[in-house]
Protein chains: 2
Amino acid sequence: MTAPSKRGANAGVALYQRIRSDIEGRIVSGEWPPGHRLPFEHELMDTYSCARMTVNKVLSGLAAAGLVERKRRAGSFVSRPKVHSAVLQIPDLKAEVESRGQRYGYALLQRQKRTATREDKARLDLDLRAPILALRCRHDAAKQPFALEDRILNLDAVPDAAQQDFSEVPPSTWLVDHVPWTEAEHRISAGNADEALAADLNIDVGTACLIIERRTWRNGQPITAVRLVHPGPLYDLTARFTPSG
Amino acid sequence: MTAPSKRGANAGVALYQRIRSDIEGRIVSGEWPPGHRLPFEHELMDTYSCARMTVNKVLSGLAAAGLVERKRRAGSFVSRPKVHSAVLQIPDLKAEVESRGQRYGYALLQRQKRTATREDKARLDLDLRAPILALRCRHDAAKQPFALEDRILNLDAVPDAAQQDFSEVPPSTWLVDHVPWTEAEHRISAGNADEALAADLNIDVGTACLIIERRTWRNGQPITAVRLVHPGPLYDLTARFTPSG
DNA sequence: AGATGCCATTTGTCTATACATATTACCTGG
DNA sequence: CCAGGTAATATGTATAGACAAATGGCATCT
């Protein structure tokens, strides 16, 4: 609300929000298809009897959300989304498990401080011989192995991690609370469990697993690379999405 | 540009963008950690010698991007991101294959117009007996099966689809161009190939596959449900993400 | 001490105005 | 007829001022 809701017809929402829903509605309903030129700012001004700053705020917001594209002198156009994009939420595993009403368990299987091998170098963009912390742990849901985590941490970027034994607190939880990041990359794939994995996850050899690999940087400096392997039948990622953002 | 660049020190970017990068920098660098209260609007006004509307635009933008939370009377605070989120891009398969420099192929395996079974009803939120189009097709990359698509289409929502034989144009491509949607849900999981799947995809029985299931609605009305099965070794999803949005 | 109401502060929204900038459409001279 | 300049137009950014709404704290009353 705000802005004296001039003549009571205002149902408690801000004017610019009403205008925005209005326009969004026409776009998603197909009334204004991709490529369609929407009214000029001064036309919307007249339509809604408001100042240009108000409609400008709306159109800028829609442009920021990717629903429209704006061109000087030409006008604003409904943009055509080329790809399906979905905002994938990858929460802390502990929170994930507990939100299903299951008991969460954690075990550190291996902790090793060493210098980067050629393999590590390929995995993150590390310098060869950079000091790293290699961790291997298991996450359980309702006493069943739920994920195997295999992580390397760049100690040049996160020296504090060397002081942490990760026997109680999972590295992912510690990192979220202590290390800001600027860039992340996820790769999601499927693979068959080999013998070692099958033993650790208590599943049959050959069972399909969902593999999530994440790499994180901070201003270009590599922080960590993690590989999470979930037993196929026990896990799936879900993403919901609306074009409005 | 814009706004008379008061005294030339302006490097060609708008004032509000300079302020925004400035603040974003302090946040991602950790100088202003999660929970930290950032300066009040009137303090930023003084700092940057500008009007309140300008800093308001910056802070509102940061709030929309999820970097800060704003509370009346209390101030604006750096928000603590609880989940890793990633924008997953799921492009048209044809574009995906060709962007890898491989030849794309498509084959329609099955096309059936019928009424919804109980199984279909569970898959989308269809009414029982609603008219649907069931499709099964294969996508190839460099002559190798690359994905098996199994789709149902709600003909009540998309009557035009009944006129389309999908022998040349993949349904996903046709849909993107013809049907706007307001909501989508993705589920990503892993599974072992059974005999039928192994035969269609030309892989061994038991090979791990990446399974992507997508359901799409338009203003609450179900449009389509699709299940894409990719041979594990041949495919992965990649998402890149920066907190700034 | 505890409940209650008022006030100051901060963000939220809106207006009216101004000038900058990019780009198209048009006009004019060669 | 074309090249080049010019005006018109729509967006981009910024300002100053105004009032609304939410809320934390303080003062007051019981």
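Entry 1: I started with β1(B) and strand β3 (residues 75-78) of chain B, which run antiparallel and are joined by two bridges. Two strands count as paired if DSSP finds at least two bridges between them. I found Arg37(B) opposite Phe77(B) in β3(B). Helix α3 (residues 52-64) of chain B packs on this sheet and touches β1, β2 and β3 of chain B. The direction of the helix makes about 120° with that of β2(B). Contact means heavy atoms within 4.5 Å. Axes are lines fitted to C-alpha atoms, for helices over the stretch in contact, and angles run from 0 to 180 degrees between N-to-C directions.

In what order do the three strands lie? I read β1-β3-β2 (chain B), an open sheet with antiparallel pairing. The edge strands are β1 (37-38) and β2 (68-71) of chain B, each pairing on one side only.

**A note on the model.** This is a predicted model, in which local features need pLDDT of at least 70 and side-chain atom pairs count only at pLDDT 80 or more, while totals for chains, interfaces and linings use all residues. Residues are numbered from 1 along each chain as its sequence is written, chains are lettered from A and ligands numbered from 1 in the order in which they are written, and side-chain values use heavy atoms, with hydrogens and water left out.

**Entry 2: strand β6 of chain B.** Next I followed β6 (residues 131-141) of chain B. Eight of its eleven residues are buried, so the strand is largely enclosed by the rest of the structure. Buried means under 20% relative accessible area, exposed over 50%, and partly exposed in between (1.4 Å probe, protein chains only). Strand β5 (residues 104-115) of chain B pairs with β6(B) in the antiparallel sense over eleven bridges. Gly105(B) has Asp140(B) in β6(B) as its bridge partner. Strand β7 (residues 144-154) of chain B also pairs antiparallel with β6(B), over ten bridges, and there I saw Ala134(B) opposite Ile152(B). How many residues lie between β6(B) and β7(B) in their hairpin? I counted two, and Ala142(B) in the turn has a positive phi of about 50°.

**Entry 3: two helices in chain A.** I moved on to helix α2 (residues 41-48) and helix α3 (residues 52-64) of chain A, which pack at an angle of about 115° with axes 9 Å apart. They are therefore roughly perpendicular to each other. Angles of 65 to 115 degrees get that label, those under 35 count as roughly parallel, those over 145 as roughly antiparallel, and the rest as oblique. Which residues meet? Glu41(A), Leu44(A) and Met45(A) in α2(A) meet Arg52(A), Val55(A), Asn56(A) and Leu59(A) in α3(A).

**Entry 4: the sheet of chain A.** Three strands form an open, antiparallel sheet in the order β1-β3-β2 (chain A). β2(A) and strand β3 (residues 75-78) of chain A pair over four bridges, and Val68(A) stands opposite Val78(A). α3(A) packs on this sheet, touching β1, β2 and β3 of chain A.

**Entry 5: chain A overall.** I noted seven helices and eleven strands in chain A. Of its 245 residues, 42% are buried.
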